[in-house]
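User: Hi! Could you walk me through this protein, step by step?

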Amino acid sequence: MSTEADPSKHIRIVNTFMKRRTHMNKNAEQALTDPEFAEYLVNNSCGDGNLNDIHDLRILFTDTSNGSEAPLTLEIGFGLGDSFIEMAAAEPTRNFVGIEVHEPGIGKCAYMAGTQNLTNVKIINGDAIQLLKQLPENHIDRIQLYFPDPWQKKRHYKRRFVSPERMAILTRSLKRGGWFHTATDWEHYAFWMVDVLDNIAGLSNQAGNGNFTPRPDFRPMTKFERRGLERGHGVWDLIYTKD
Ligand SMILES: C[S@@+](CC[C@H](N)C(=O)[O-])C[C@H]1O[C@@H](n2cnc3c(N)ncnc32)[C@H](O)[C@@H]1O
């Protein structure tokens with residue numbers, strides 16, 4: 001089929017991220033290259049965020065002490081990974097997969113997992129939306145998305161991770177009874193989120209439609225949350241369960 005005749009060739013993908021070029025510190029670089037950390041980096045050999053071979057997150061833990069049937073959390077956009085690693089260390093019998101596109105963050109996160117000898121962590125380099133589309137239905141117990149890029153300008157709203165289309169994709173991969181937890185420090189995005197999520201079929205707002213959840217104790221403060229608080233922003237948490 002020629003390019004002209006195939007309409008799918010003309011669809012422009014709108015990403016929820018902009019790849020930032022920031023300094024890679026020595027520890028992060030070591031984790032991305034030293035075989036000692038390879039067990040954490042699911043697709044590091046590709047180095048370019050190639051997700052084509054990842055169709056199941058549970059099998060990543062088959063040879064670990066928890067095994068593949070343990071409760072599974074996926075964190076999308078963990079940044080530098082500090083709060084993600086803190087949560088994984090606090091719940092050693094739960095498996096944690098983190099996905100990011102920012103390589104210095106991926107390296108730093110793997111470094112922290114390795115130096116703490118965590119056996120319940122795997123890290124994926126790539127676009128969470130592509131990954132979610134490739135996973136089975138009813139696969140993940142908890143998905144967390146903390147302080148996603150707020151995309152403040154109106155012309156950028158289409159990049160917001162919380163959108164009706166992206167949330168339908170995410171809900172499909174959640175197990176029934178599983179939950180989705182998100183938080184933001186950007187007021188406009190907070191009300192946008194509650195509006196989008198209250199209208200996704202199959203999700204129920206734990207605080208009741210239109211309401212936010214008090215910040216739960218188990219969510220450590222993240223880097224972006226701290227930055228937002230220093231600038232005088234509020235923080236809004238939302239937890240939804242899949243019916
Ligand atoms: C504002 S930062 C927040 C980082 C961290 N959660 C925190 O609170 O400190 C958002 C992160 O999400 C990542 N991100 C955005 N869209 C993504 C996607 N589709 N897949 C994977 N990571 C994504 C970005 O690279 C960025 O590091």
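User: Happy to have you here. What radius of gyration does the protein chain have, next to that of a compact globule?
Analyst: Keep in mind that this is a predicted model. For 243 residues, a compact globule would come out near 18 Å, and the protein chain agrees with that. Its radius of gyration is 18 Å.

User: Which order do the elements of the protein chain follow from the N terminus?
Analyst: The protein chain holds seven helices and seven strands. Read from the N terminus, the order is α-β-α-β-α-β-α-β-α-β-α-β-α-β.

User: Which residues does the UniProt annotation "binding site" cover, and how far apart are they in space?
Analyst: According to the unreviewed UniProt entry, the annotation covers Lys153, Asp185, Thr222, Lys223, Phe224 and Glu225. These residues are spread over 73 residues of sequence and are spread in space as well. Between their C-alpha atoms the distance goes up to 23.3 Å.

User: Is Thr222 buried or exposed?
Analyst: Thr222 sits in the loop between strand S6 (203-205) and helix H7 (223-230). Leaving out residues up to four places away in sequence, Thr222 touches Gly79, Ser83, Tyr146 and Phe147. Because Thr222 has 22 C-beta neighbours inside 10 Å, and 20 or more is the cut-off, Thr222 counts as buried.

User: And which residues does Glu225 touch, beyond those up to four places away in sequence?
Analyst: Glu225 lies in helix H7. With 20 C-beta neighbours inside 10 Å, Glu225 counts as buried. Setting aside residues up to four places away in sequence, its contacts are Phe147, Asp185 and Val235.

Note on methods. Residues are numbered from 1 along each chain as its sequence is written. This is a predicted model: local features need pLDDT of at least 70, side-chain atom pairs count only at pLDDT 80 or more; totals for chains, interfaces and linings use all residues. Helices (H or I, at least four residues) and strands (E, at least two) are DSSP runs, numbered from the N terminus. The radius of gyration is taken over C-alpha atoms; the globule rule is 2.2 Å times the number of residues to the power 0.38. UniProt positions are given in the numbering used here, feature names are shortened, and annotations may be inferred rather than shown by experiment. A residue is buried if 20 or more other C-beta atoms lie within 10 Å of its own, exposed if 12 or fewer, and partly exposed in between; C-beta atoms are placed from the backbone. Two residues are in contact if their C-beta atoms, placed from the backbone, lie within 7 Å.
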